[in-house]
Amino acid sequence: MVDIVKAMRWNYVSTVASEGNYGESGVDAFIQKSREDGGVCISQSVKIPREPKLGEFDKVIRRLSENPNARVVILFANEDDIRQILQAAKKANQTGHFIWVGSDSWGSKISPILNQEEMAEGAVTILPKRQSIRGFDRYFISRTLDNNRRNIWFAEFWENNFQCKLSRHALKKGSGIKKCTNHERIGKDSSYEQEGKVQFVVDAVYAMAHALHNMHKELCPGKVGLCSKMETINGTMLLKFIRNVNFTGIAGTPVIFNVNGDAPGRYEIYQYQMKHNTTEYKIIGHWADQLHLETKEMRWPGGTWQVPQSICSQPCHPGERKKTVKGVPCCWHCERCDGYQYQADTYSCKMCRFDLRPNENHTACEAIPIVKLEWSSPWAVIPVLIAVLGIMATMFVVATFIRYNDTPIVKASGRELSYVLLTGIFLCYATTFLMISAPDVGICSLRRIFLGLGMSISYAALLTKTNRIYRIFEQGKMSVSAPRFISPASQLVITFSLISVQLLGVCIWFGVDPSQAIIDYEDQRTSNPDMSRGVLKCDISDLSLICLLGFSMLLMVTCTVYAIKTRGVPETFNEAKPIGFTMYTTCIVWLAFIPIFFGTSHSTEKMYIQTTTLTISVSLSASVSLGMLYMPKVYVVLFHPEQNVPKRKRSLKAVVTAATMSNKFPTKGGLRPNGEAKSELCESLETQALASKQTYISYSNHAI
């Protein structure tokens, strides 16, 4: 019966037992076996008293109905109890709800289901496998009241079988029951079918006979009749001989007993079916050590072929684990494996490996897609466009300067440092292409080198220029002697010394931590696994990036400080004011860059925003320098060549005097009416200033 329940995939059943040895021991054995095999749980276990009270069976049905999921009911009950249970179920309007699995007390009997066939539809019952014994039929049919007086119950059977009474005094008027004539014959005047257990009764008698025979051979060898050792039978010894018998039974099957004293079980399995208003017990399988079931032959209440369910909980969907109810392993709650978990087995979820994510139904893990900044992305198109325009503008300026290399304006700008600065500007623009290219060891190495190098070259050149201007005019206030290290060669040495600090830092970084491309699975690890991505990038952290640009920032700040200090020098004397405006604007650009860069460190678009912000900031810094320092000169060279002529030379003393006096008197302008601040001295200063630019140029390029 346990095998039948498991074959039908019923894991939640109820049991009903008639009080007494048969019913209670049968249910206990069923429960014990179901626990041993596992997979079957008991919802209700109901016992029917020997003398049930009125309404007792209605109470049984109510208890069985408490859990509607447990539709299968295991019955170990006598015929009368089975009949009344079916009646109570019919009364409770439970037709077709319960699926009965009956023991051999139900078997294929008609009496328990008479007049309530619809309640028994689909019931599965069992009977020991039997075979009709012909000799017994001949014997039993020939029995009459005259030749079977030794059976004290035969007279009662005769009355029930032929619906008559042997005693005239037992007859009641109007009952319709006749007096037995003793001429009735079994099988002629009444229906007859051999009792299914005849075979086992015969085999049981033979088993006893074989046991006694073997016992006699051992205790009384060679003696006819009982010897003294068998005058008093030892029951324990006789049981031993019974368990050891081995012979062929009357039906041709072997009769043996196992270590527990049980004969091998052989059962036929029936199902009560209704077809076209006709009913029958149909054999649907058999059991002999294992179950053989023809499920295709089974039909269920309502004539359906689909096996009804009797389970505590519905199966979980893919990607859901079972959380069992304490004490009832057949009942569970389904819990979704959420986040980055997948269903490892029926009862547990596990996290996917760091580089994997669960598939759509969370039954396994799959590789996380790898992303990188594509050239076609809008995040890349804008920086590339700016860089291309910047490179074109830079090359145009370089070509113009080379073409007009010996003209006064080009000479006055300091040709050597100008070309160095233009090289830095070019590298700043070119860095954009390295930042957008697909990362690998080579690209990552070039990023480390050139990301800070272009800015270091630019600001080293500008710092050298502003420092030179500052030292010239500071020295001029105190003495007419020239300051040291202001020649073009000295300026280049200072510039390349500053640049070498950047390169030295990068080389040390390469030695400590070689460059490599990595896949960052945490950068875009969103709460929704479907949106998670692995980011292919270089192993440069945000802090490392700032350190990489730190020296350039230091040069930029220092250059800005010198630009502020030289802000009072008349603009006609030098490039201090354009450099100052350049540095102020550059500082604003980078002050805007820092909060944007670090403010998006936890964004899912971090890679795109930070790369775009960084490349645009570098390009804007280069564009500011290019636009403010070189475009005015290019404009004069190309469109106003009449201004690109040498001025008359002035002495260093005139230059110094003009620079010094211009710092002393501008503030008095506010005291004059209408803001006029001109005096003879101021007019003299203006005249000197207009005439002194060429003197400064000549002094810078030759005298000093």
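Helices, at least four residues long, and strands, at least two, are DSSP runs numbered from the N terminus. The model is predicted. The points below start with the spans annotated in UniProt, then turn to helix contacts and backbone angles.

**Annotated spans**
- An unreviewed UniProt entry carries the annotation "transmembrane region" for residues 379-405, 417-439, 445-464, 543-564, 576-598 and 618-640.
- Residues 379-405 are 93% helix and 0% strand, and 39 Å separate the end C-alpha atoms of this span.
- Residues 417-439 are 87% helix and 0% strand, with 33 Å between the end C-alpha atoms.

**Helix 18 and its surroundings**
- Helix 18 is formed by residues 631-639, and Lys-633, Val-634, Val-636 and Val-637 are buried in this helix.
- The axes of helix 17 and helix 18 cross at roughly 35 degrees and come within 4 Å.
- From helix 17, Leu-626, Gly-627, Met-628 and Leu-629 take part in this contact, and from helix 18, Met-631, Pro-632 and Lys-633.
- Sorted by class, the contact of helix 17 with helix 18 has 5 nonpolar, 1 polar and 1 charged residues.

**Helix 8 against helix 9**
- Two packed helices are described by the angle between their axes and the distance between the axes.
- For helix 8 (residues 198-219) and helix 9 (residues 235-243), the angle is about 115 degrees and the axes are 8 Å apart.
- The crossing of helix 8 past helix 9 is right-handed.
- Helix 8 contributes Met-208, Ala-211, Leu-212, Asn-214, Met-215, Glu-218 and Leu-219 to the contact, while helix 9 contributes Met-237, Leu-238, Phe-241 and Ile-242.
- The contact of helix 8 with helix 9 has 9 nonpolar, 1 polar and 1 charged residues.

**Loop residues with positive phi**
- Asn-115 is not a glycine, yet its phi is positive, at about 70 degrees.
- Asn-115 sits in the loop between strand 4 (99-102) and helix 5 (117-120), and it is exposed, with a relative accessible area of 62%.
- Gln-163, also not a glycine, has a positive phi of about 55 degrees.
- Gln-163 is found in the loop between helix 7 (154-162) and strand 6 (164-165).
- With 55% relative accessibility, Gln-163 counts as exposed.

Conventions:
Residues numbered from 1 in each chain as written. Predicted model: local features only at pLDDT ≥ 70, side-chain atom pairs only at ≥ 80, totals over all residues. Heavy atoms only, no water. Buried < 20%, exposed > 50% of the residue type's maximum accessible area, 1.4 Å probe, protein only. UniProt positions renumbered as here; feature names shortened; annotations may be inferred. Axes fitted to C-alpha atoms, helices over the stretch in contact; angles between N-to-C directions. Contact = heavy atoms within 4.5 Å. Nonpolar A, V, L, I, M, F, W, Y, C, P; charged D, E, K, R; others polar. Left-handed = near helix turned anticlockwise from the far one by under 90°.
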